Amino acid sequence: MPTRDVVFPAGRQALYERNRYSPAVRANGFLFVSGQVGSREDGSPEPDLAAQVRLAFTNLNAVLQAAGCTFDDVVDVTMFVVNPEANFETVWSVVPEFWGEAPYPTLTGMGVTWLYGFQFEIKVIAKLPDTQVPHTEWPQRKGE
């Protein structure tokens, strides 16, 4: 199997390694970003929903930036919201702070019952710019 071209935001490798997934993978001119939540540095949820959504976008933007992208490069968005009937308006009131101007990316929104203690998660696919930052290796484990 070919080596995955993984992208890590600064300072969060331990969190991704502990949870056993890559924050983003470059493939065929696109960046596939794992779902980002409003987690603090230690991985715990931000308790306030609006602040949690802002932090999820901040975490997403850190991954995009590590790959040389911005939210303007995003072509597809999937959002997950716990209890959307109660939480959608709060979530949607924060989105314009990060969304940019038209034309907008495609969007799929899903109501879910559980997100590991979080209320909101955002997952995206972005078109990589023609110039890319160098490949980042997965941190080596002891004994490898």
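View 1. Helix 2 (residues 49–66) lies across strand 1, strand 2, strand 3, strand 4 (74–82) and strand 6 (120–127), and runs at about 155° to strand 3. Helix 3 (residues 84–94) also packs on the sheet, where strand 4, strand 5 and strand 6 are touched, and its direction makes about 135° with that of strand 4. Contact means heavy atoms within 4.5 Å. Axes are lines fitted to C-alpha atoms, for helices over the stretch in contact, and angles between N-to-C directions run from 0 to 180 degrees. Helices (H or I, at least four residues) and strands (E, at least two) are DSSP runs, numbered from the N terminus. This is a predicted model, in which local features need pLDDT of at least 70 and side-chain atom pairs count only at pLDDT 80 or more, while totals for chains, interfaces and linings use all residues. Residues are numbered from 1 along each chain as its sequence is written, and side-chain values use heavy atoms, with hydrogens and water left out.

View 2. The open sheet is formed by 6 strands in the order 1-2-3-6-4-5, with mixed pairing. Strand 1 (5–7) and strand 5 (106–112) stand at the edges with a single partner strand each, so one side of each has no neighbour in the sheet. On average, neighbouring strands of this sheet are turned by 15° against each other, direction ignored. Two strands pair if DSSP finds at least two bridges between them.

**View 3. Strand 2 and its partners.** Strand 2 (residues 24–27) pairs with strand 3 (residues 30–37) in the antiparallel sense over 4 bridges. The two form a hairpin with 2 residues between them, and Asn-28 in the turn has a positive phi of about 50°. Ala-27 has Phe-30 as its bridge partner, Val-25 has Phe-32, and Ala-24 stands opposite Val-33. Strand 1 and strand 2 run antiparallel and are joined by 3 bridges; here Asp-5 has Arg-26 as its bridge partner. Ala-24 and Arg-26 make up the covered face of strand 2, Val-25 and Ala-27 the uncovered one.

View 4. Strand 3 pairs with strand 6 in the antiparallel sense over 6 bridges, and Phe-30 stands opposite Lys-127. Residues that Leu-31 touches include Val-7, Ala-24, Leu-64, Cys-69 and Val-124.

**View 5. Nonpolar cores.** A nonpolar core is a set of buried Ala, Val, Leu, Ile, Met, Phe, Trp, Tyr and Cys residues joined through side-chain atoms within 4.5 Å. The largest has 32 residues, and those with the most contacts inside it are Leu-31, Phe-57, Leu-64, Phe-120 and Ile-122. Its largest share, 8 residues, comes from helix 2. Another core of 6 residues lies apart from it, with Phe-80, Val-112, Leu-115 and Phe-118 among them.

Terms used
Buried < 20%, exposed > 50% of the residue type's maximum accessible area, 1.4 Å probe, protein only. Lists of a residue's contacts leave out its neighbours within four places in sequence.
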